[in-house]
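The following exercises concern side-chain geometry in a single model. Please work through each task before reading its solution.

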Amino acid sequence: MSIKNEKKMIPGDGQPDMTDQEQQIYEAGVQKFNKLGWKRLTIVLIVEAVALGSLSIPSTFATLGMVAGVICCVGLGLVAVYTSYIIGQVKVKYPHITDYPEAGRMMFGRWGYEIVFVMLCLELLLSAGSHCLTGSIAFVNITGSNICTVIFGFVSAVILLLFAIPPSFSDMAILGYIDFASIIIAIGITIIGTGVEASQSTGVAAVNWSAWPKDNLTFSEAFIALSNIIFAYSFALCQFSFMDEMHTPTDFPKSVWALGLTEIFIYTVTGALVYAFVGQDVQSPALLSAGSLLSRIAFGIALPVIFISGSINTVVLGRLVHGRMFKNSNIRFINTKMGWITWLALITCLTVLEFVVAEVIPFFDDLLSLISSLFISGFTFYFPAIMWFMFIRQDSSSTGKTILLGVVNAIILIIGLIVLGAGTYSSIFDIIKSYDEGTVGGVFSCSS
């Protein structure tokens with residue numbers, strides 16, 4: 001038998017016998033998806049998290065008021081950091097957990113895997129769809145034209161597809177530096193623009209902002225505002241997938257804290273300042289509040305974050321589905337001709353679905369709220385709390401600490417379940433109301 005055709009077994013991988021050529025493809029694939037350090041992990045998490053969430057925060061301040069807005073931004077941010085830390089602990093303790101569905105299998109068996117798999121796929125699909133919607137809003141605002149918004153939505157979908165072609169998170173992290181600079185500059189322009197406009201018109205002191213919730217606040221309005229803050233802290237859902245590419249997974253706390261503190265600062269400052277400068281008339285996405293010219297400039301600068309952050313949702317979803325389809329084949333590494341063909345076909349199909357989502361739910365706040373309530377409530381709140389009780393609790397040597405953390409995680413579990421129930425009800429109620437009142441365009445309509 002020739003050396004080329006000699007069969008070999010990859011130890012511990014459960015793979016069938018491989019030829020030397022197949023083994024080389026396998027090892028190259030493993031190396032390709034094992035290059036992520038904690039700094040790049042931080043960037044990837046920022047790309048996935050600090051995007052549309054920051055654009056919805058000022059309108060939540062207008063609903064909840066300055067005091068409750070700041071408390072919710074800081075409080076929910078710290079909770080998200082803690083639950084992300086739990087996820088990191090679970091990943092380090094159980095290295096074979098490659099993504100959130102595998103964590104679902106650890107918690108609830110086969111049904112847990114299937115349910116979490118569907119939840120994660122739908123969340124990523126809806127999130128990418130929200131970026132397609134935002135891209136359409138951005139192009140309408142930048143061009144100021146009467147071109148049908150469906151066309152702008154299609155253009156946005158094509159751009160999202162192009163950015164989603166690189167399958168490695170390490171490669172996506174390189175784009176993340178552009179992404180992060182994009183959103184910071186866009187937010188800065190919005191804050192400065194609204195501040196200057198306020199000082200030149202009525203004066204900042206005369207802006208109609210309030211420390212307290214707006215008058216006649218309804219239950220659904222309050223929960224939609226709260227859900228939009230929760231959406232902004234949605235980085236936990238991709239953490240298993242990202243950490244699976246780390247060469248030193250134990251470095252994850254550095255990334256979690258760096259991202260968490262960065263997000264809390266950006267969201268709180270953005271929400272408070274834009275609301276203080278614009279008042280109750282603040283729009284969502286927040287860039288719409290910067291005035292005609294500055295809004296167009298801000299949206300132009302924000303285009304990278306809209307499409308790069310959106311595409312990483314497509315990549316995570318694609319890797320999840322592609323990895324399941326070709327679990328026992330080298331095709332999953334996307335470093336062969338067939339690997340690339342299947343990958344491109346898959347992300348194209350996913351992008352078409354994202355375009356459909358953007359056209360079916362064509363309103364920003366309600367879409368983010370629906371995503372938060374149905375899915376992020378689990379990935380950021382009640383699933384990590386359950387994981388702590390099942391996998392981490394017994395590791396503590398201090399009884400007092402165990403009791404304290406047990407109470408904390410029980411509260412987080414309850415918060416997640418409340419958001420799931422009340423938030424979903426509020427989002428659906430508001431979507432139906434918006435269609436009934438005709439305040440939004442219809443499905444696949446040309447209205448902006």
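Rings of Phe, Tyr and Trp (its six-membered ring) pair if their centres lie within 6.5 Å; planes under 30 degrees apart count as stacked, over 60 as edge-to-face and the rest as tilted. The model is predicted, so local features need pLDDT of at least 70 and side-chain atom pairs pLDDT 80 or more, whereas totals for chains, interfaces and linings use all residues. Residues are numbered from 1 along each chain as its sequence is written, and side-chain values use heavy atoms, without hydrogens and water.

**Exercise 1.** Determine how many aromatic pairs the rule gives, and classify Phe154 with Phe355.

*Solution.* The count comes to 16 aromatic pairs. Phe154 and Phe355 lie 6.4 Å apart centre to centre, with 85° between the planes, and are thus edge-to-face. This pair links distant parts of the chain, 201 residues apart: Phe154 belongs to helix α6 (residues 149–163) and Phe355 to helix α12 (residues 337–360); helices are DSSP runs of H or I, at least four residues, numbered from the N terminus.

**Exercise 2.** Classify the pair of Tyr425 and Phe429.

*Solution.* With 6.0 Å centre to centre and 25° between the planes, Tyr425 and Phe429 are stacked. They are separated by about one helical turn because they are four residues apart in helix α14 (residues 399–437).

**Exercise 3.** Which residues do ring pairs link into a cluster?

*Solution.* The cluster consists of Tyr100, Phe240, Phe379, Tyr382 and Phe383.

Definitions and conventions: Helix = DSSP H or I, 4+ residues; strand = E, 2+ residues; numbered from the N terminus.
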